[in-house]
Amino acid sequence: MSNDIKIKNGLTIKLKGAANNIIKKAALPKFVSINPSNFHLIIPKMVVKVGDSVQQGDVIFFSKKDERIKFCSPVDGIIKDISRGAKRKIIEIIIEVDEKQNTKSLKKINHETLDPENIKNILLSSGCWPFIKQRPYDVISNPSDDPKSIFISAFNSAPIAADLQIILEDQKEEFKNGIKILAKLTSGDVNICVDKNSSSFINKLDGVNIHTINGPHPAGNVGVQIHHIDPINSGEIVWTLGAEDVANIGRYFNTGIYNPVRTIAVSGPPVKYPQYYKTISGTELNKIIDDAGIDSKDSLRFINGDVLTGSTVEHDNYLGFYNNSFSVLREGNHYRMFGWIPFINNKVPSIYKTSFSWLFPNKKYDLDTNMNGEERAIVVTGEMEKVFPMDILPMQLLKECMAGNIEKMESLGIYEVAPEDFSLIDYSSSSKIEAQYIIRQGLDLMISEVG
Amino acid sequence: MNIRNTIDNLKKPFSKGEKWERFAPAFNAFDTFLFVPNHTTKHGAHIRDAVDLKRTMITVIIALVPALFYGIYNTGFQYYSQLDIDYTLMDVVIHGSMKIVPMIAVSYIVGLAIEFAFAVFRGHEINEGYLVTGLLIPMIMPVDIPLWMVGLSVAFAVFIGKEAFGGTGMNILNPALTARAFAFFAYPTYMSGNQVWVSEASNVDGVSGETILGMLANGTSSLPYQPIDMFMGSIPGSIAETSTLMVLLGAFILIYTGVGSWRIMLGSLIGAAITGILFNLWGVNELMSFNWMNHLMVGGFAFGVVFMATDPVSAAQTVKGKWIYGLLVGLFCILIRVFNPAYPEGVMLAILLMNVFAPTIDHYVVEANVKRRLNRIKKPIINMA
């Protein structure tokens, strides 16, 4: 079954430094980290302490709220450090990687004979459960739920972000296996969305719904796809996974080893050799960044994720758990004299034709992190709708999130959105409002008040 | 970057914990006027669009410039053509400028002073919205209005029309029209009649400076103007409203850059045209039988629709709401012109009326959206098939 979906509203931001189609295998890192902040609202309950030696797949911590959800070590090694912040909140767990990783005996798990409960238990105990997130709220899913469908976006439309087709190229079998396993977890359908303009092995998969999406960013956002294919109503739950995480689940069932492979596109205007690196989640970044080539690490911003939704990290930090993109931008802490005058400074594109950037639709830009203005009250209307391809009123929803009006947020569609769906509103707002931040606050309020 | 260093030095006493911290918004207004600040993204998207509120507002001002220049010209032109003496283009421009520049200066000084005071008092940055409002107010006044009335109207508009509601982005009514409405009802002798539309007309005997709508309201059937005059703008009227051509030029800039809502403009045009055609068919009095196309060109209709009705804060905010709002602005404008004997021109009151109803329109558009989402639950079976 195949469906065509055309997305009209949105924006393609063309940046320099997209990753070339080369996948380089990164060397075994010296350190990896598990960062609880990657798992929104998860409070870790530690199983290990500093100095413990752990095997690949050993539990590092589990969720305090739901002890079934476990987070496991991606490598053999020794717990080097557990850094804590205010109120002893766990900030990061660092594992020193053994130079010699033990070879493990492979044992294929035959999922065909297993019922959904068994599969859930295997996913939970193996550390694979955190790969499965849920809408509403964009948090790790609850194993007790029965989702009405599962969505996987195999199309990444964010600027200079990883091309998921390239990433899946050498993980086809694992991906197919993963799809079969996931199909058992829902009474509904498994939906995969692919870019209409690229042909992929996914198009030929059986037993799943394939949808082709055509249009500008955020067409690749799974939330947008859900909205157009099988929208979430109050009380309904949809599970979502990253494309590579489907392969990771498939790999676990093929081998019996928890191996969270992460193929990342290292990209950005300052990167000399933007390309893909195949590594593991939580790996140390400095070697990969240096291999990709930057002039100096000063006045650069390193981003775990794409340039619209990622989180800022330092050069010597670690890769996030979920992201397939790693972006580098120049910091924009400079002044521009009279930079607000229209039609000058055409180096920065605009959704308004107040710069000449629209004359060169194919030009690629070297954007930095300058705000290009200051935050103001919301004045201009209609601009958010231009980049928001859902039948949801974005400005009204944002205002209700600011006001914390739960009933209104519910009726205006808070269950269908995730912060990433508002990333282009962040980008294009003339009042420079922080839409993603506001939506995250709104979602968290819903979780604490409605659950 | 020497200017930058100088500014940074001057800024020191305004920074946090320093002596003049309270006045930081005032200083920042000048600083950010000179330089786009070096702020970098903290949350959310790491890259940002080039557009900010300053740029949006300046685009509106650029769009206003053609109408403003023509207004200056027309003020001088109307003045000299009633005097029956020889004059040059230079005389015309000088007279117009002498009249209009002081009005703009008063408007900006009074308005910005209040804005600065509120920003300092409330501790927020100064919003750029007044840059447009401050230019709009003199442009929609009759040329002979005393400067103190301009100042008072501005003060009323900024205090009661804007800051009382919480400042930029919160006001219900368009501030510029609030200023005009204040002057209109407080000083009617300066705001209507047949002597106020042409510079110094009250000092020149025997020359009628009535607006076309005023003549029609008095039952004059043979107008001394051709439609081309109405389009080009060499007719009496408020300072910058007369030239439809110049307003269209502004509309083009607004629509082309995407800053102004074409939906509101087109909606108003359609609303006014339909109403005008219907009245043409009815045609009982002069105003009713006045050709509907001329209705679109005379008075403040074009100016109001392009520059006032599209004010994003006071207009409807939803896409569908903008259409409805626009249509009703057009409809009420012609309706007021035709049926209200006290006010020959209806665009100001039509827009203010719709400003009041814009939240109601939006409310129903939002409710429809909510209902659509609720109705989805009833038909999942169709989706599965």
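## Ground rules

This is a predicted model, where local features need pLDDT of at least 70 and side-chain atom pairs count only at pLDDT 80 or more, while totals for chains, interfaces and linings use all residues. Residues are numbered from 1 along each chain as its sequence is written, with chains lettered from A and ligands numbered from 1 in the order in which they are written.

## Domains of chain A

Chain A is assigned domain 1 (1–27 + 115–332), domain 2 (28–97) and domain 3 (371–449); such bounds come from an automatic or database domain assignment. Between domain 2 and domain 3 of chain A, the C-alpha centres are 33 Å apart.

## A three-stranded sheet

Chain A has an open sheet of 3 strands, ordered β4-β6-β7 and paired antiparallel. Strands here are DSSP runs of E, at least two residues, and helices are runs of H or I, at least four residues, both numbered from the N terminus. Two strands count as paired if DSSP finds at least two bridges between them. β4 (44–46) and β7 (70–72) of chain A sit at the edges with a single partner strand each, so one side of each has no neighbour in the sheet. Neighbouring strands of this sheet are turned by 30° against each other on average, direction ignored, going by axes that are lines fitted to C-alpha atoms.

β4(A) is joined to β6 (residues 59–63) of chain A by 3 bridges. Look for Lys45(A) there: its bridge partner in β6(A) is Phe62(A).

## Around β9 of chain A

Strand β9 (residues 90–97) of chain A runs antiparallel to β3 (residues 31–34) of chain A, with 4 bridges joining the two. Ser33(A) has Ile94(A) of β9(A) as its bridge partner.

β9(A) also pairs antiparallel with β8 (residues 77–84) of chain A, through 7 bridges, and here Gly77(A) is partnered by Val97(A). The β8(A)–β9(A) hairpin has 5 residues between the strands, and Lys87(A) takes a positive phi near 55°.

## The bent helix of chain B

Over in chain B, helix α3 (residues 53–83) has 31 residues and spans 45 Å from first C-alpha to last, close to the 45 Å expected at 1.5 Å a residue; the expected span is 1.5 Å times one less than the number of residues. There's a bend of about 35° at Val65(B), with a proline, Pro66(B), following within four residues. That bend is the angle between axes fitted to the seven residues ending there and the seven starting there.

α3(B) is mostly covered, with 22 of its 31 residues buried (20 or more other C-beta atoms within 10 Å of a residue's own, with C-beta atoms placed from the backbone). Just past α3(B), Asp84(B) adopts a positive phi of about 65°.

How values were computed:
Axes fitted to C-alpha atoms, helices over the stretch in contact; angles between N-to-C directions. Buried ≥ 20, exposed ≤ 12 C-beta atoms within 10 Å, placed from the backbone.
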